[in-house]
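Here are my notes on this one, jotted down while paging through it.

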There are 2 protein chains.
Amino acid sequence: MFTDHYELTMLQAALHSGAAHRRSVFEAFARRLPDGRRYGVVGGTGRILEGLEHFRFGPEELNFLAQNNVVNDETLSWLADFKFSGNIFGYAEGELYFPNSPILTIESTFAEACILETYVLSILNHDSAIASAASRMIGAAGSRPCIEMGSRRTHEESAVAASRAAVIAGFHGTSNLEAGLRYGVLTLGTAAHSFTLLHDSEEAAFRAQLGSMGSGTTLLVDTYDVEAAVRKAVAIAGPALGGVRLDSGDLLAQARDVRALLDSLGNTNTRITVTSDLDEFAIAALAAAPVDSYGVGTSLVTGSGAPTASMVYKLVSREGDNGEFVSVAKAAKNKASVGGRKYATRRLNSAGIATSELVGIGHAPAADDNDRVLLEEFMVDGVLTPGWTGSDGVVRATARHAASMAEMPGAARRLQRGEPVIPTEYEQAIPAAK
Amino acid sequence: MFTDHYELTMLQAALHSGAAHRRSVFEAFARRLPDGRRYGVVGGTGRILEGLEHFRFGPEELNFLAQNNVVNDETLSWLADFKFSGNIFGYAEGELYFPNSPILTIESTFAEACILETYVLSILNHDSAIASAASRMIGAAGSRPCIEMGSRRTHEESAVAASRAAVIAGFHGTSNLEAGLRYGVLTLGTAAHSFTLLHDSEEAAFRAQLGSMGSGTTLLVDTYDVEAAVRKAVAIAGPALGGVRLDSGDLLAQARDVRALLDSLGNTNTRITVTSDLDEFAIAALAAAPVDSYGVGTSLVTGSGAPTASMVYKLVSREGDNGEFVSVAKAAKNKASVGGRKYATRRLNSAGIATSELVGIGHAPAADDNDRVLLEEFMVDGVLTPGWTGSDGVVRATARHAASMAEMPGAARRLQRGEPVIPTEYEQAIPAAK
C-alpha cells in the first residue's frame with residue numbers, strides 16, 4: 001500500500017462522478033535536472049514492473065481503509081478487485097534523460113493509473129537520483145573500478161535499490177549482500193577498523209584475515225600508523241598480498257607514499273583501494289594518484305547533492321464523453337505542463353553523436369536513419385513484456401546506459417555546472433490528438 | 001540480509017582467530033551534526049528493535065552466500081544458528097542528540113554485534129535525518145499543523161519510515177497510507193490536479209469531490225485561475241467548505257488574497273492549506289500569512305539538505321584474553337574516536353533548561369537532582385523491553401521529543417546556522433574500565 005491517501009479519495013470521488021472509467025494517459029517526467037547537471041539517468045523501471053504484480057489490496061489493507069473511513073464501500077469493493085490491466089511504455093532503464101523527456105507513460109482508466117502515482121514516483125525519483133550521481137562518478141573514475149558501499153548511510157531498503165542503480169550506471173560491485181541475492185550483482189568487502197581493534201595487535205588481526213581469506217585479500221592499513229601497517233602486511237603476506245585500503249587522511253599523498261613503499265618492498269601487484277567520503281569531485285581529484293579502485297558511500301546513496309530526481313506524474317490526456325482523447329494540462333503559475341501523449345527520439349548526427357531530444361506530441365517525431373526511437377514497450381494490457389525485470393533487467397539496463405553514454409558529446413562528462421548537454425525540443429503540437 | 005559483505009568476511013576471519021567470541025561493546029554516534037544545525041533528533045530505534053527478531057539467515061540467504069563463496073562452511077553454520085542474544089541500550093527515540101552523544105550501545109560477542117552494523121546504521125542514519133529536519137519545520141510552523149506528504153520523492157519504503165519519523169517530531173499526520181497501517185499514525189489527503197483535469201470542467205470536479213466526500217473536504221484551487229476557483233468552490237459548497245489548497249505560485253500573496261476573498265464570501269471558517277516545495281525556511285517566511293496548515297514533501301524526506309545523519313558504529317571496548325574489558329579506538333588521522341563504554345546525562349539548570357550533554361566513560365557521570373539520565377534499556381540478553389516498538393513506540397517517542405524540546409534553550413529553535421545549542425562534555429576518562 002505504497003499509496004497516498006489522496007489517491008484513494010480521488011478514486012472514490014471519480015467513481016462517484018463516473019469519470020474514474022475514462023481512459024487516461026499519465027506521464028512521469030522531470031521539469032528540470034538537478035542544478036547544473038548535464039544529464040539524468042533513468043533508474044527504477046525494472047523495479048516498478050517487478051512490484052506491479054504485487055500491487056494489490058488484500059484483507060489487511062482493506063480492513064485498515066474501512067476502519068479509518070479512508071474511502072467508502074464502493075471504493076473498497078473496486079480496490080479488492082484491482083489488478084493493473086493497462087499499458088506502460090517509456091525510456092529503457094539506464095537510458096539518459098533530459099528536462100521534459102517522457103520517461104514513463106501509463107495508459108489505462110483514470111482509476112487504475114491514479115492509484116499508481118506514489119508508487120511509480122517513489123521508485124523513479126529515488127533510483128534515478130542514484131543512477132544519475134553514480135554515472136558521474138564512473139565518468140570521473142575513468143577505467144578504474146568503483147565499488148558501492150553506502151548502504152549504512154541510507155534506509156535499509158533504499159540501500160538495496162541504490163546498489164542496483166549504481167551497478168546499472170557502471171559500478172563494478174557493491175558491499176550490499178541483499179542486492180547480490182536479489183539482482184545477481186557482484187558483492188565485495190573485507191574488513192573494518194573494528195576487526196583490527198578486536199585483536200590484541202594489528203599484526204594479529206592481519207594474520208587472522210590472511211589465514212582465513214588468503215593472501216589475495218585487501219587489508220585495512222590506517223587503524224594506527226599507515227607505513228608501519230603496510231610493512232607489517234607485506235612482511236606477513238609477502239608479494240601475493242592482494243590489496244591495501246586507505247579510509248582516512250589525505251588520500252592523494254598517502255596513496256603516493258603507499259605505492260612507493262609497496263613497490264620498494266617488491267609488492268608491485270598489490271592494489272590500493274581508497275574509500276573515505278568520496279564523491280565525483282574527490283574521485284576526479286585522485287585521477288593523478290596511484291589508486292586502483294574507489295569505494296563510494298554516502299555521496300552515492302544521497303545522490304551527491306540531489307537525493308531525489310524531481311519527477312512528477314501528470315495526467316496529459318483523457319477520454320471525453322464522446323470517446324475521443326483530449327489533451328489536458330495544468331495552466332496555473334510556475335508549474336505549467338505540456339498536455340498530450342508524448343513520443344521521443346534521440347536525434348543523432350552522421351557520426352552517431354546526440355544533438356537533441358526530440359519530443360512529438362500525439363505522434364512519433366519524424367526521424368532520419370541516424371535517429372534512435374526512445375520509447376520501449378514494458379506492459380501491454382497488464383502483461384509484462386519479458387526482459388526488463390530481475391537480473392536480466394539489470395544486465396540490459398547496464399548495457400543500455402553504456403551505449404547511451406557512448407552517443408553523448410564529450411561535454412556530458414564535465415563535472416562543473418552547466419546546461420543539459422543536449423536540448424529537448426518539441427515538434428509542433430497536434431492539438432487534442434491521441 | 002541488510003548486511004555488508006565485509007561484516008561476514010570479518011566474522012569468518014574472527015571465527016578463524018577465535019576473537020569472534022570476545023564480548024564487545026559497539027557504539028553508534030555522530031561525530032558532528034549537519035552543517036549549522038543546533039541539535040539532532042534520534043529516529044529509528046523502534047524500527048531497529050522491531051526488525052531484530054527477523055534478522056536471521058534462512059536457507060535462501062545461506063545458499064546465496066555458499067554459492068558465491070562469500071564465506072566458508074564454519075561461518076555459514078554459525079549464521080544458520082544466529083539470533084541476537086546481547087544487550088542494547090541508548091537514547092530513547094525522539095530524544096535530542098549532539099556530537100558524540102552515545103546514541104545506541106550494543107553489547108554482545110564481537111560476532112553478533114559485528115553483523116548488525118549496516119542494519120543499525122541504515123535505520124538510525126535515515127530516520128534521524130528525517131526526524132531532525134521535521135523537528136525544525138515544526139518549530140518554524142509554531143502552532144499550525146504540518147502534514148507529511150513527501151512519499152513520492154523518496155524510496156517507497158523510506159517513505160513509510162519518513163512518515164513515522166515526521167510524526168515523532170511533531171507532524172500532525174501523513175499522506176502515506178502504509179504508515180497509517182503499520183504505525184497507527186493519522187493519514188490525510190483529498191485530490192490532485194489530475195482529478196480536476198479528468199473532469200470536463202473545474203466545476204464538475206468540485207461537484208464530484210463535494211458530492212462524494214462532503215463539504216468538509218479540501219478543494220485544490222490552483223489548476224486554472226485561483227480566484228475563479230475559490231468563487232466556484234464557495235458557490236457550490238457554501239459556508240461549510242472545509243478548506244482550499246494552494247500548490248503553486250507566490251503562496252504568501254495568494255494566501256492573503258484567498259483569505260480576503262473567502263472572508264468576503266462569508267467563508268470565515270474555510271481553512272487554507274499550502275503545499276508547494278516547502279522547507280523550514282519557507283514555512284517561517286509564511287508565518288505572517290493567513291495559512292492554517294502546511295503540507296511538506298521533498299524537503300522533509302530528503303532531510304532538508306542533510307539526507308543522512310553521519311552516524312558511525314564503532315567498537316569501543318572488548319574483552320581481552322584475561323576476561324577484562326579493554327577500551328579501544330582508531331587512532332589514525334581525521335577519524336579518531338574516543339574508546340570506552342559511554343553513559344550520558346543531560347545537565348539541566350534549576351529552571352529545568354538544558355546546559356550540557358555530559359558523557360561518562362566507563363561509568364555514569366555524576367548527576368545532581370535536576371539532571372536527566374539519558375540511557376534507556378531496550379534489550380537484555382536478546383529479550384525486548386516492552387514499550388519501544390510498534391504504535392506504542394511511536395506515541396512514546398512523540399512524547400519524548402516534545403518533552404526534550406521543552407527543556408532546550410530558545411536558541412535551539414533558531415533556523416540560521418550555528419553551533420550545537422548545548423556542548424557535549426566528557427567527564428575525565430577512566431582508562432580501560434568496563
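1. Ground rules for rings first: Phe, Tyr and Trp (its six-membered ring) count as paired if their centres lie within 6.5 Å, with planes under 30 degrees apart called stacked, over 60 edge-to-face and the rest tilted. On that basis, ring pairs join A:F55, A:F57, A:W78, A:F82 and A:Y119 into a cluster. Over all chains the structure holds 16 aromatic pairs.

2. Housekeeping: this is a predicted model, with local features needing pLDDT of at least 70 and side-chain atom pairs pLDDT 80 or more, while totals for chains, interfaces and linings use all residues. Side-chain values use heavy atoms, without hydrogens or water, residues are numbered from 1 along each chain as its sequence is written, and chains are lettered from A and ligands numbered from 1 in the order written.

3. A:F57 has a relative accessibility of 5%, so it counts as buried (under 20% relative accessible area; exposed is over 50%, partly exposed in between, with a 1.4 Å probe and protein chains only). The A:F57 and A:F82 rings have centres 6.4 Å apart and planes at 65°, so they pair edge-to-face. A:F57 sits in the loop between α2 (45–52) and α3 (59–67) of chain A, and A:F82 in the loop between α4 (73–80) and β3 (87–91) of chain A, so the pair ties together parts 25 residues apart in sequence. Helices (H or I, at least four residues) and strands (E, at least two) are DSSP runs, numbered from the N terminus. A:F82 is buried too, like A:F57.

4. Over in chain B, helix α1 (residues 5–17) has 13 residues and should span 18 Å at 1.5 Å a residue; its end C-alpha atoms are 19 Å apart, which agrees. (The expected span is 1.5 Å times one less than the number of residues.) Of the 13 residues in α1(B), 11 are buried, among them B:Y6, B:L8 and B:L11. After α1(B) comes B:G18, with a positive phi near 90°.

5. What is the strand order in the open sheet of seven strands in chain B? It runs β13-β12-β1-β5-β3-β17-β18, with antiparallel pairing; strands pair if DSSP finds at least two bridges between them. β13 (325–327) and β18 (383–384) of chain B are at the edges with a single partner strand each, so one side of each has no neighbour in the sheet. Six bridges join the antiparallel strands β1 (residues 23–30) and β5 (residues 104–109) of chain B, and B:V25 stands opposite B:E107 in β5(B).
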